[in-house]
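Visitor: I have not seen this structure before, and I would like to be taken through it step by step. Could we look at it together, beginning with the fold and then moving on to single residues?

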2 protein chains.
Amino acid sequence: LKSKKKTATKLGEHRIIEIIQQHLTLPDMPVPFGDDVSAINIDEKTVAVLKTDMLVGKTDVPKQMSLYQAARKAIVMNVSDFASKGVQPSAALVALGLPRKFTQKDVKEIACGLDDGAREYRTYVIGGDTNEASDFIVSVALFGTANKSTLMLRNRAKAGDILAVTGLFGKPSAGMRLLSDKNFQMEGSSRETLLNSVFLPKARLAEGLALGRCGLVSASIDSSDGLAWSLHEIARLSKVGFLLDSIPVADEVSEFAKVNKVDASDLSLYGGEEYEIIATVKPEGWNAARRAVEAVGGQLLQIGKATGKSGVFLDVGGQSHVVEARGWEHFRSQI
Amino acid sequence: LKSKKKTATKLGEHRIIEIIQQHLTLPDMPVPFGDDVSAINIDEKTVAVLKTDMLVGKTDVPKQMSLYQAARKAIVMNVSDFASKGVQPSAALVALGLPRKFTQKDVKEIACGLDDGAREYRTYVIGGDTNEASDFIVSVALFGTANKSTLMLRNRAKAGDILAVTGLFGKPSAGMRLLSDKNFQMEGSSRETLLNSVFLPKARLAEGLALGRCGLVSASIDSSDGLAWSLHEIARLSKVGFLLDSIPVADEVSEFAKVNKVDASDLSLYGGEEYEIIATVKPEGWNAARRAVEAVGGQLLQIGKATGKSGVFLDVGGQSHVVEARGWEHFRSQI
């Protein structure tokens, strides 16, 4: 009888979030529940933007990753959500769960990782909470303010919009394979690049702020649940579809795929822990949006278009292939 | 050699926070690091007020407490910090760590506890994050705005100020003893009161808002680390001392102490998980402050005075007894 109960493992993260949402009283909110960030009105035109994302040692931190890197990453993954909405974070709070065996040196490393992560994106850790826990836990809460009318949401893409990304995909997936299975191989600087995408991820904050300022983006999402999953999210919430004319595969991922006889497209579409911004841009604004991102040292790569047909497809020589709605999911996925 | 390393257990929560603070870059902040809440300037007169406090199943939740109660408490303990600063919370985010074995019913209970906790204090849970973890973790981040000049901080008590509390102490300590050791006894409605102080704690938000509005409070702190510890915190940060003329012991705690042959003063001074506000009030404003709190259905009880002599003392018939600087500390204390 007991096995009939639906446990978290069976429900999966997305269903759990749905159940929680059903039991919450939600106020009138400037950003819909479930977007990359939450927000609440401060005055007529300003909103407070809030985000919390928790890093759990057991599931989110490969054993080769240092505490410094894990703490820094906990900040970066929250900044990435702000980046995708075009919002500069003003301050972070951090609630820590620390196992009893952690040493003074461990604590110092964690603090330095938090501070470096925050300073890299011109924000600060201004407070927090420390607790004893079985797992190593870094729960970050990020705060900023924004003009309500310039927030880039997930649900406003229109058929005909240009689909673009701020960089190439697949490196964290390939990097995780190198870390978790010795049968995978890669040498030299490509190996370094793949591993660093796991150990020292970057948030596209400068790019996101530039996109927010230019006002030409119709919808935007951070890609931490993977490219395919994130595209399906924008599609579902905006009631559009996508036709990709290419998959933005990083060179090192193509190399990794060739050496290890795996599919580079799979690594790029269905991995998680990617921190690129995926955005839809009004066609008439494409050149201006691209130049705005390039002006801050970034890149904006067209990979397809929003369409009126629901679903996400990849065009390969005139043939349309389905891009599935899957990616990383807590409780279900395994590193 | 390994045993020479200072582990979290040996360092204790307070030293760990010190180490973290030493490695953080802190901006100019309207509220000093380590006060009940953190804050950052929004404009000339308004500050964003932020708080994060994490509840960890293993250390913070007695086994007789339901998931509903634990989730509700996670909200309440954050609201209590806002209450002590006189700030109405506008919104909460919640990052959850859930063990794989948790069921759909468990998730629903947690969501209802979060929502009820928030609605009780006229705030909302507007977003969050769900993760797999070994422990049950509820990490709450609370947000609100406040007028910078009316925030009640810990560091502004002056010698001569009246020391007051919003209620009586010791119930959670007595309640925890009833829950953790069958040798402790108590029957009837007193038992209910003691247990409910653990299961369904209340934050003194109405009282805190009234105190903030009246502008007569020089310093204030929430008492979740215990009465004695909290008094020492205000004393240290304000560079004053305290002379108590009584210990605010709840009737049920006196009864519990008598039946179980333990010290009621100890239970009231050195326990934790208390959510009363401790405030110092300018003497000329005492009656107005007391009336302001009574007008919202609360009480403000004078228990002593701030003095120029450092340390916290209790006056018993003209004899001065030392009140020690101890209370609940993560990593060191045990339930």
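Visitor: How many helices and strands does the secondary structure of chain A come to?
Guide: Please keep in mind throughout that this is a predicted model. Within that model, the secondary structure of chain A comes to 11 helices and 12 strands.

Visitor: What radius of gyration does chain A have, and what would a compact globule with 335 residues have?
Guide: The C-alpha atoms of chain A fill a box of roughly 55 × 55 × 55 Å when it is taken along the principal axes. For a chain with 335 residues, a compact globule would have a radius of gyration near 20 Å, and the value for chain A agrees with this, being 20 Å.

Visitor: What percentage of the residues in chain A is buried?
Guide: A residue counts as buried when its relative accessible area is under 20%. Of the 335 residues in chain A, the share that is buried comes to 60%.

Visitor: Among the contacts in chain A with a separation of 6 or more, what share do residues 24 or more positions apart account for?
Guide: The contacts considered here have a separation of 6 or more along chain A, and the part asked about joins residues 24 or more positions apart. That part accounts for 81%.

Visitor: How far apart are the mean positions of the positive and negative charges of chain A?
Guide: Chain A exposes about 13,400 Å², and carbon and sulfur atoms supply 49% of that area. As for the charges, chain A has 41 positive and 40 negative ones, and their mean positions are apart by 3 Å.

Visitor: Which rotation superposes chain B on chain A, and as by what kind of axis are the two copies related?
Guide: In general, two copies of a chain are related by a rotation about an axis and a shift along it. Here chain B is superposed on chain A by a rotation of 180°, with 0.0 Å of shift along the axis and an RMSD of 0.0 Å. The two copies are thus related as by a two-fold rotation axis.

Visitor: What percentage of the interface residues of chain B are also interface residues in chain A?
Guide: The copies meet through the same surface, because the interface residues of chain B are also interface residues in chain A to the extent of 99%.

Visitor: Is K261(A) buried or exposed?
Guide: K261(A) sits in the loop between α9 (251-260) and α10 (264-270) of chain A, and its phi is near 50°, a positive value in a residue other than glycine. Residues over 50% relative accessible area count as exposed. K261(A) has 74% relative accessibility and therefore counts as exposed.

Visitor: What is the phi of R122(B)?
Guide: R122(B) belongs to the loop between α4 (104-120) and β4 (125-132) of chain B, and at 56% relative accessibility it counts as exposed. Although R122(B) is not a glycine, its phi is positive, at about 55°.

Visitor: How far apart are the C-alpha atoms of P172(A) and S197(A)?
Guide: P172(A) is placed in helix α5 (residues 171-180) of chain A, and with 8% relative accessibility it counts as buried. Leaving aside neighbours within four places in sequence, P172(A) is in contact with S197(A), V198(A), G272(A), E273(A) and E274(A). P172(A) and S197(A) are 25 residues apart in sequence, while from C-alpha to C-alpha they are apart in space by 5.4 Å.

Visitor: Which residues does G167(B) contact, leaving aside its neighbours within four places in sequence?
Guide: G167(B) is found in the loop between β6 (162-165) and α5 of chain B, and at 0% relative accessibility it counts as buried. With its neighbours within four places left aside, G167(B) is in contact with R204(B), P248(B), E276(B), Q299(B) and L301(B).

Visitor: What distance separates the C-alpha atoms of D225(B) and Y275(B)?
Guide: D225(B) lies in the loop between β7 (217-222) and α8 (227-238) of chain B, where its 26% relative accessibility makes it count as partly exposed. D225(B) and Y275(B) are 50 residues apart along the chain, and their C-alpha atoms are separated by 9.0 Å.

Notes:
Residues are numbered from 1 along each chain as its sequence is written. Chains are lettered from A and ligands numbered from 1 in the order in which they are written. This is a predicted model: local features need pLDDT of at least 70, side-chain atom pairs count only at pLDDT 80 or more; totals for chains, interfaces and linings use all residues. Side-chain values use heavy atoms; hydrogens and water are left out. Helices (H or I, at least four residues) and strands (E, at least two) are DSSP runs, numbered from the N terminus. The radius of gyration is taken over C-alpha atoms; the globule rule is 2.2 Å times the number of residues to the power 0.38. Buried means under 20% relative accessible area, exposed over 50%, partly exposed in between (1.4 Å probe, protein chains only). Contact means heavy atoms within 4.5 Å. Accessible areas come from the Shrake-Rupley method with a 1.4 Å probe; for residues, only the protein chains shown count as cover. Lys and Arg count as positive and Asp and Glu as negative; His and the chain ends are not counted. The place of a charge is taken as NZ of Lys, CZ of Arg, CG of Asp or CD of Glu. Copies are superposed by least squares on the C-alpha atoms of residues with pLDDT of at least 70 in both.
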